[in-house]
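Colleague: I've got a model open and I'd like to learn how to read it. Could you walk me through it?

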Amino acid sequence: CGMTTAVTRTEVLSLYRRVLRVARSWQAQSALPRDTETERKYIVQEAHALFRQNQKECITGIHTQD
């Protein structure tokens with residue numbers, strides 16, 4: 001996590017933005033508005049949780065390298 005932080009951070013943020021864009025345009029296979037909204041919220045919540053988890057793991061990894 002710590003060696004190429006500047007490039008990695010930029011790439012991670014870019015990926016995060018792409019995931020959020022996908023969530024905004026997501027359509028549920030059922031085509032029901034309620035399902036679409038539920039799935040969009042799930043995508044955003046899951047992306048947020050996983051990116052936060054990764055961030056914490058990277059910070060922990062940096063501190064253990066010292």
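Colleague: Let's start with Thr-36: in which helix is Thr-36 found?

Modeller: Bear in mind that this is a predicted model. Thr-36 is found in helix 2, which covers residues 33-65.

Colleague: And what's the overall fold made of, how many helices and how many strands?

Modeller: Two helices and zero strands. Helix 1 takes in residues 5-25, with Arg-18 in it.

Colleague: Back to Thr-36, then. Is Thr-36 buried or exposed?

Modeller: The general idea is to look at relative accessible area, where under 20% means buried. Thr-36 has 5%, so it counts as buried. For the protein as a whole, 9% of the 66 residues count as buried.

Colleague: Which residues does Thr-36 touch, leaving out those up to four places away in sequence?

Modeller: Thr-36 touches Trp-26, Gln-27 and Ala-28.

Colleague: How far apart are Glu-39 and Ala-28, in sequence and in space?

Modeller: They're 11 residues apart along the chain and 6.8 Å apart in space, going from C-alpha to C-alpha.

Colleague: On to charges. How many salt bridges does a search of the whole structure find?

Modeller: The general idea first: side chains of opposite charge can pair when their charged atoms come close. Here the search finds one salt bridge. The side chains of Asp-35 and Arg-34 make it, at 3.8 Å from N to O.

Colleague: How accessible are Asp-35 and Arg-34?

Modeller: Asp-35 is partly exposed at 22% relative accessibility, whereas Arg-34 is exposed at 61%.

Colleague: Which residues form the positive surface patch?

Modeller: Arg-17, Arg-18, Arg-21 and Arg-24.

Technical notes:
Residues numbered from 1 in each chain as written. Predicted model: local features only at pLDDT ≥ 70, side-chain atom pairs only at ≥ 80, totals over all residues. Heavy atoms only, no water. Helix = DSSP H or I, 4+ residues; strand = E, 2+ residues; numbered from the N terminus. Buried < 20%, exposed > 50% of the residue type's maximum accessible area, 1.4 Å probe, protein only. Contact = heavy atoms within 4.5 Å. Patch = residues over 30% accessible without salt bridge, like charges linked within 9 Å, V, L, I, M, F, W, Y side chains within 5 Å. Areas by Shrake-Rupley, 256 points an atom, 1.4 Å probe, with all protein chains shown as cover. Salt bridge = Lys/Arg side-chain N within 4 Å of Asp/Glu carboxyl O. Lys, Arg positive; Asp, Glu negative; His and termini not counted. Charge placed at Lys NZ, Arg CZ, Asp CG, Glu CD.
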